[in-house]
Amino acid sequence: MEILRELSVLWSLFHILILFMMLYRSRYSKRKTFLLTGFTMIPLIILNLAGVAVYGTGVMGKIFILTCTLPSLLVFWFISEDKKARFFFTFCLADTVALWIIATTNVADFYFGGGQCILMFFSRLIIFPLVEWVAVRYLRKPYLELQREVASGWGIFAGMTALYYILLAVFANFPVVITARPQELPAFILILVLMPMTYATILTALYRQLLLYRRQQGERILQEQKHALEAQLENQQRIRRMKHDMKGYVVMLSGLLAEGKIQEAQEYLNAVGTEMDSLLGQFCANPYINAIFVQFSQKFQEIQADFHMDICIGDEELPYMDLCRILANGLENACDALEALKVQEREISVQMKYSRGYLVIRMRNRCQEDLRVEKGTIPTSSKGGREHGFGLATVKEAAERLGGDMLCYTENHNFVLDVMVRVKNLSKEKPN
């Protein structure tokens, strides 16, 4: 019956890979991820299976952390998009669940199957696909979202799962396999019972973090909509004031024209046009995006910041909801960062232009001299501190939804936010 044991080991190792690959985030495409996994893990599985055949499960069980766990940890760490606690928690979660199934079926086969490996083989044949179905059906989607959106709070959970993994591996195999130590079996069963309860607690806590994040994002969106509506309302009030003032403008122009002062009338009309643009805050032709600039130009004026804009867009149709979200979060970040600086250091610039089917947005503002943000990273959020980064996750999410991406970094005491989004039906650049 050793052939059944070896087949069950092969089946278990194969499904450990499947379970982990369902839960972690690769930094490569699916095709490249599968190729890298196959080229590295299949030989590793074959070597461990050969070790089981030659030395037996007792010997390989004692050294599998060195022969299987650590090599696979290094391989997936290289492939994974996450490099810190999120990755280690996911890795230990998948491995510990698989090790729990292996240990449970091994004990069940020894005491209820007579050690013939038949119960072990068929139970593993059923349990592993069942666990994967549950993971896909209920866990994968929220767990991937959780990894993507929640950056903090993973460290203690990763430490707990690592300790559980080591505890389970050591208790099951040292000094000999647990089936050869019947006096310690009750303690081992308690560990097997306690582990699912602990994981249920951990996953519940993580899911609550996800719900909290969603609620914060919803509040953030509502706040943005409130600001946009306030800006539009203020624009309407300005328009009403302008309509009232137009009577005076018409009287003045009529008087100048009646006296034949054409040049003076033209100069007066140009001055009226300049004043109207100033009152309306006409920064671009798109009314929704313009409302965002109107709102924040007033904020920057209140904190005495130099606000420079180079907006090369017209009145063409744009995905204004996501663009307004990107602009509002980016400009809100800049406003918070500038308020922490001296008045003479407060400076911000915004550029928007088309480039090869994309709308490119760059925001550059002065920041604290000791702030360091490397390209490809997103700084932590802190409204109370000097850190730059509140709402950047929302910016990245909105950019990716529009088929683009976001990049932020610091250079020469400036925080730079670059956003590129794909714009449809634009065959050429359309300046304002």
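Which helix holds the place of Met252? Helix H6, residues 185-258. Helices here are DSSP runs of H or I with at least four residues, strands are E runs of at least two, and both are numbered from the N terminus.

Some ground rules. This is a predicted model, where local features need pLDDT of at least 70, side-chain atom pairs count only at pLDDT 80 or more, and totals for chains, interfaces and linings use all residues. Residues are numbered from 1 along each chain as its sequence is written, and side-chain values use heavy atoms, with hydrogens and water left out.

Back to Met252. Is Met252 buried, exposed or partly exposed? Buried means under 20% relative accessible area, exposed means over 50%, and partly exposed is in between, with a 1.4 Å probe and protein chains only. Met252 has 41% relative accessibility, so it counts as partly exposed. Now look along to Ala265. Ala265 is 13 residues from Met252 along the chain, and their C-alpha atoms are separated by 8.4 Å.

Next, the start of the chain. Helix H1 covers residues 2-23, and helix H2 covers residues 30-79. Their axes come within 12 Å and cross at roughly 145 degrees. Those axes are lines fitted to C-alpha atoms, for helices over the stretch in contact, and the angles run from 0 to 180 degrees between N-to-C directions. The crossing of H1 and H2 is right-handed. Which residues meet? From H1, the list includes Leu10, Phe14 and Leu17. From H2, it includes Met41, Ile45 and Leu49. Contact means heavy atoms within 4.5 Å.

On to helix H4, residues 118-149. H4 has 32 residues, so at 1.5 Å a residue it should span 46 Å. The expected span is 1.5 Å times one less than the number of residues. The end C-alpha atoms of H4 are 44 Å apart, which agrees. Where does H4 bend? At Leu139, by about 60 degrees. The bend is the angle between axes fitted to the seven residues ending there and the seven starting there. A proline, Pro142, follows within four residues.

Another proline is worth a stop. Pro175 is in the loop between helix H5 (155-173) and H6. The peptide bond from Phe174 to Pro175 is cis, with omega near -5 degrees.

Take Met352. Setting aside neighbours within four places in sequence, Met352 contacts Ile289, Phe293, Leu327 and Ile361, among others.

H8 has 16 residues and reaches 23 Å from first C-alpha to last, close to the expected 22 Å. Its buried residues include Ile289, Phe293 and Phe300. After H8 comes Gln304, with a positive phi near 60 degrees.

Arg356, in the loop between E2 and E3, is not a glycine, yet its phi is about 55 degrees. Arg356 counts as exposed, at 81% relative accessibility. Asn412 sits in the loop between E4 and E5. Asn412 is not a glycine either, and its phi is about 50 degrees. Asn412 is exposed, at 65%.

Finally, two buried loop residues. Leu318 is in the loop between E1 and H9, with a relative accessible area of 6%, so it is buried. Beyond four places in sequence, Leu318 touches Ile289, Tyr354 and Val423, among others. Val423 is 105 residues away along the chain, but the two C-alpha atoms are separated by 7.3 Å.

Val373 lies in the loop between E3 and H10. Val373 is buried too, at 5%. Its C-alpha is 4.8 Å from that of Tyr409, 36 residues away in sequence. Outside four places in sequence, the contacts of Val373 include Tyr409, Pro379 and Phe415.

Note on methods: A crossing is left-handed if the near helix is turned anticlockwise from the far one by less than a right angle, and right-handed if clockwise.
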